Amino acid sequence: MLKIDFNKTYLSGKENEYITDALQRGSISGDGYYTARVSELLEEKFDLNRALMTTSATHALEMAAQLIGLKTGDEVIMPSFTFSSTANAVLKEGARPVFAEIKRNSFNLDPADFESKITSKTKAVIPVHYAGISCEMDLIREIAAKNDIYVIEDAAHAVNSFYNGEPAGGMGDFGCYSFHGSKNFVSGEGGALVINSQQQKLIQKAEVIREKGTNRSRFLRGEIDKYSWVGEGSSYLPSDILMALLFAQLQEIDYITAQRKRVFDYYNQNLKKFLDGDFIDLLPVVPAVKKSNYHIYYLKFKNQKIRDFVLKELKARGIEAAFHFQPLHASPMGKKLGYQAEDLQLTNQVASSLLRLPIYPELSRRELDYIIQALEEIFCSLNRQVEEVND
Ligand SMILES: *Cc1c(COP(=O)(O)O)cnc(C)c1O
């Protein structure tokens with residue numbers, strides 16, 4: 001029996017070299033040599049106006065919520081099918097997360113439901129590019145512009161994903177990237193806040209929030225001769241050691257993406273025959289206008305019973321698969337906010353019937369064949385169970 005992990009971090013081999021170099025440079029706190037290199041790399045590769053490195057996507061989201069001046073009584077629309085961080089950023093400012101439905105074919109925010117939930121209190125929308133496949137940003141931006149609300153992209157899954165040639169994270173007012181160990185390109189913990197506005201005042205405000213409420217960033221650029229406390233802020237700068245690790249990862253962005261695509265395409269080729277069967281509802285589709293970074297490969301089953309059975313059987317064969325987000329509206333915190341588990345039926349249905357398969361550069365052809373063979377066996381045994389019931 002093979003033993004196949006759900007996720008394995010790809011290492012380019014340069015990580016140690018850059019980390020050692022960062023240590024030798026002697027400035028291992030925030031905004032050192034590697035932090036600058038990584039920001040530049042992101043800004044150049046994705047043609048971004050400004051990318052501020054942060055300690056996480058969670059913190060990038062918090063910064064964005066502060067930058068739009070979110071306050072008590074405001075509402076922010078987001079999918080329920082996301083990580084708690086998306087909603088926490090809003091709650092921290094005293095505002096209310098308003099959960100909207102996702103689309104059946106992408107599990108991304110449904111633009112029509114987003115529009116229907118806009119009220120006079122709505123201040124922003126946070127589309128989440130699920131699995132690295134972009135939301136319908138043309139529609140979302142159009143609705144947001146018409147209603148004068150901010151767009152903050154939760155692009156935690158979507159570094160190196162595109163929509164009509166535009167990079168994820170570069171399409172809204174703000175974009176939030178994650179370099180958490182579970183994502184495609186990693187520093188263990190890490191993130192970035194992308195600021196798409198050219199407004200110098202806004203960028204400076206972000207720098208102040210990120211630097212403990214001081215204008216140290218301007219001081220480091222030599223624009224002022226000392227720095228002082230000028231506003232509210234926290235500490236959202238990652239250590240340069242982590243950015244050295246991330247620099248090694250980002251240099252291999254195209255290789256890592258190509259390897260993930262190989263795995264994704266192999267699953268799709270070999271599993272699409274099961275779409276005709278009784279168990280699988282949907283496999284991921286990458287529409288022509290949406291260039292994916294292949295963050296997730298999922299199987300969406302007809303119901304939870306089948307999903308749970310497949311998960312258990314894969315585990316018994318040494319294969320680590322996983323379900324995903326538990327809808328926020330139906331969580332204990334969602335209930336405290338006044339939501340009911342029965343709200344958002346499609347989100348509930350998707351969350352309970354989704355299974356993610358291993359996807360990472362190191363996954364070999366032999367391992368992939370083993371996983372596909374295991375699924376074939378499991379579907380055969382499910383077919384037999386169905387026949388027995390019918391007899
Ligand atoms: C991973 C993730 C986050 C949080 O990222 P961190 O860098 O771990 O803070 C936020 N939103 C979504 C959709 C995520 O998947």
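Author: Start with a definition: two strands pair if DSSP finds at least two bridges between them. Keep in mind that this is a predicted model.

Reader: Which residue of S13 stands opposite Tyr 297?

Author: Strand S12 covers residues 297–301, and S13 covers residues 354–357. The two strands pair in the antiparallel sense, over four bridges. Opposite Tyr 297 stands Leu 357.

Reader: Which residues of S13 point the other way from Leu 354 and Arg 356?

Author: Leu 354 and Arg 356 point one way from the strand. Those two are buried, and so are the residues that point the other way. These are Leu 355 and Leu 357.

Reader: Within what arc do the buried residues of H1 fall?

Author: Helix H1 runs over residues 15–25, and Glu 15, Tyr 18 and Ala 22 are buried in it. Look down the axis of H1: its buried residues line one face of the helix, because they fall within an arc of 75°.

Reader: Which residues are exposed on the other side of H1?

Author: The buried residues of H1 have a cover that includes helix H2 (33–45) and helix H9 (240–250). On the other side of H1, the exposed residues are Asn 16 and Gln 24.

Reader: What residue follows H1, with a positive phi?

Author: H1 ends at residue 25. The residue after the helix has a phi near 80°. That residue is Gly 26.

Reader: How many disulfides does a search of the whole structure find?

Author: A disulfide needs two cysteine sulfur atoms within 2.5 Å. The search of the whole structure finds zero. Take Cys 135: it is in no disulfide, and the nearest cysteine sulfur, 13 Å away, is that of Cys 176.

Reader: Is Cys 135 buried or exposed?

Author: Buried means under 20% relative accessible area. Cys 135 has 0% relative accessibility, so Cys 135 counts as buried.

Reader: How far is a nitrogen atom of the ligand from an N or O atom in the side chain of Asp 154?

Author: The ligand is surrounded by 15 residues, and Asp 154 is among the closest. Others among the closest are His 157 and Ser 178. A polar side-chain atom of His 157 lies 2.7 Å from an oxygen atom of the ligand, and one of Ser 178 also lies 2.7 Å from a ligand oxygen. For Asp 154 and the ligand nitrogen, the distance is 2.8 Å.

Note on methods: Residues numbered from 1 in each chain as written. Predicted model: local features only at pLDDT ≥ 70, side-chain atom pairs only at ≥ 80, totals over all residues. Heavy atoms only, no water. Buried < 20%, exposed > 50% of the residue type's maximum accessible area, 1.4 Å probe, protein only. Arc of directions from axis to C-beta. Contact = heavy atoms within 4.5 Å. Near = heavy atom within 4 Å. Polar contact = N/O pair within 3.5 Å; in protein donor to acceptor, adjacent residues only side chain to side chain.
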